[in-house]
Amino acid sequence: MSTVSAAATPGTVLADAVFPARRVLVRDTALVIGGAVLTGLAAQISVPVPGSPVPVTGQTFAALLVGTSLGARRGFLSLALYTLVGMAGVPWFAEGSSGAAMPSFGYVLGMLLAATVVGALARRGGDRGVLRTAGTMAVGSAVTYAVGVPYLALATHVSLSEAIAAGLTPFLIGDALKAALAMGALPAAWKLVGRRG
């Protein structure tokens, strides 16, 4: 299958268009591991937020890119690998942390679900245009917060409104910037794939 026909096929995600399948298991394994490593590396881009136990990181952006680029199944597996390896002690969560005891662990679980959701949306063309990509990123961020903020409230023994103030509100501008990056990068990648074929 040529790159152009792969790109035009409904249900195709970016990874399928860029890496046509010859040895599917080898390709998918490499993509899953690569997505986990990318997320772990991006998590090291970390800026503390005053008054919040949750830092600003590149990990959320990477998780959403992994999900949209790989699709729901591989995105889920990639973030599951990232989560399990981090729980096992590899210090590649935000700020070089590991384990499940940190207050921000709920965001890691949220990113696992978000990668799956945005991957499913990408299979339906959610990453092919600027506005679609913006909507896909917004849904992914909402899923991450829907898990991360209540977990933060439970882990730190604060009210939900306090958790929202510490674990959601300070991050909205950064999320808008990350969405803007994705809005440019993903549709441009699809155009590039189409030209290569």
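## Nonpolar cores

Which residues have the most contacts inside the largest nonpolar core? In this predicted model, they are Leu-79, Tyr-82, Phe-93 and Val-108, and the core that holds them has 18 residues. At least two residues of this core come from each of α3 (24–42), α4 (59–70), α5 and α6. The greatest contribution is that of α6, which supplies five residues.

## Packing of α5 against α6

Helix α5 covers residues 72–87 and helix α6 covers residues 105–123; their axes come within 7 Å and cross at roughly 165°. Angles over 145 degrees count as roughly antiparallel, and α5 and α6 are therefore roughly antiparallel to each other. The crossing in which α5 passes α6 is right-handed.

On the α5 side, the contact is made by Ala-72, Arg-74, Gly-75, Phe-76, Leu-79, Ala-80, Tyr-82, Thr-83 and Met-87. On the α6 side, the residues are Phe-105, Val-108, Leu-109, Met-111, Leu-112, Ala-115, Thr-116, Gly-119, Ala-120 and Arg-123. By class, this contact of α5 with α6 comprises 13 nonpolar, four polar and two charged residues. Leu-79, Tyr-82 and Val-108 take part in this helix contact and are also among the residues with the most contacts inside the largest core.

## Packing of α6 against α7

The axes of α6 and helix α7 (residues 130–156) lie 7 Å apart, at an angle of about 155°. The two helices are therefore roughly antiparallel to each other, and α6 passes α7 in a right-handed crossing.

From α6, the contact draws on Phe-105, Gly-106, Tyr-107, Leu-109, Gly-110, Met-111, Leu-113, Ala-114, Val-117, Val-118 and Leu-121. From α7, it draws on Thr-136, Val-139, Gly-140, Val-143, Thr-144, Tyr-145, Val-147, Gly-148, Val-149, Tyr-151 and Leu-152. The contact of α6 with α7 has 16 nonpolar and six polar residues, and no charged residues. Phe-105, Leu-109 and Met-111 of α6 belong to this contact and also to the contact of α6 with α5.

## Packing of α7 against α8

α7 and α8 have axes that come within 8 Å and cross at roughly 120°. α7 and α8 are therefore oblique to each other, and their crossing is right-handed.

The contributing residues of α7 are Tyr-145, Val-149, Pro-150, Leu-152 and Ala-153, and those of α8 are Leu-160, Ala-163, Ile-164 and Gly-167. By class, eight of the residues in this contact of α7 with α8 are nonpolar, one is polar and none is charged. Tyr-145, Val-149 and Leu-152 contact α8 and also take part in the contact of α7 with α6.

## Loop residues and backbone geometry

Most residues other than glycine have a negative phi. Glu-95 has a positive phi, near 60°, and is found in the loop between α5 and α6. His-157 also has a positive phi, near 55°, and its place is in the loop between α7 and α8 (160–167). His-157 counts as exposed, at 73% relative accessibility.

Arg-128 is found in the loop between α6 and α7. With a relative accessibility of 28%, Arg-128 counts as partly exposed. The C-alpha atoms of Arg-128 and Ala-63 are 65 residues apart along the chain and are separated by 18 Å.

## Individual helix residues

Ala-17 is found in helix α2 (residues 14–18). Ala-17 has a relative accessible area of 0% and is buried. Between the C-alpha atoms of Ala-17 and Arg-74, 57 residues apart along the chain, the separation is 15 Å.

Val-85 is placed in helix α5 and counts as partly exposed, at 24% relative accessibility. Leaving out residues up to four places away in sequence, Val-85 touches Val-90 and Trp-92. Val-85 and Asp-127 are 42 residues apart in sequence, and their C-alpha atoms are 28 Å apart in space.

Definitions and conventions: Residues are numbered from 1 along each chain as its sequence is written. This is a predicted model: local features need pLDDT of at least 70, side-chain atom pairs count only at pLDDT 80 or more; totals for chains, interfaces and linings use all residues. Side-chain values use heavy atoms; hydrogens and water are left out. Axes are lines fitted to C-alpha atoms, for helices over the stretch in contact, and angles run from 0 to 180 degrees between N-to-C directions. Helices (H or I, at least four residues) and strands (E, at least two) are DSSP runs, numbered from the N terminus. Angles under 35 degrees count as roughly parallel, over 145 as roughly antiparallel, 65 to 115 as roughly perpendicular and the rest as oblique. A crossing is left-handed if the near helix is turned anticlockwise from the far one by less than a right angle, and right-handed if clockwise. Contact means heavy atoms within 4.5 Å. Ala, Val, Leu, Ile, Met, Phe, Trp, Tyr, Cys and Pro count as nonpolar, Asp, Glu, Lys and Arg as charged, and the others, Gly among them, as polar. A nonpolar core is a set of buried Ala, Val, Leu, Ile, Met, Phe, Trp, Tyr and Cys residues joined through side-chain atoms within 4.5 Å. Buried means under 20% relative accessible area, exposed over 50%, partly exposed in between (1.4 Å probe, protein chains only).
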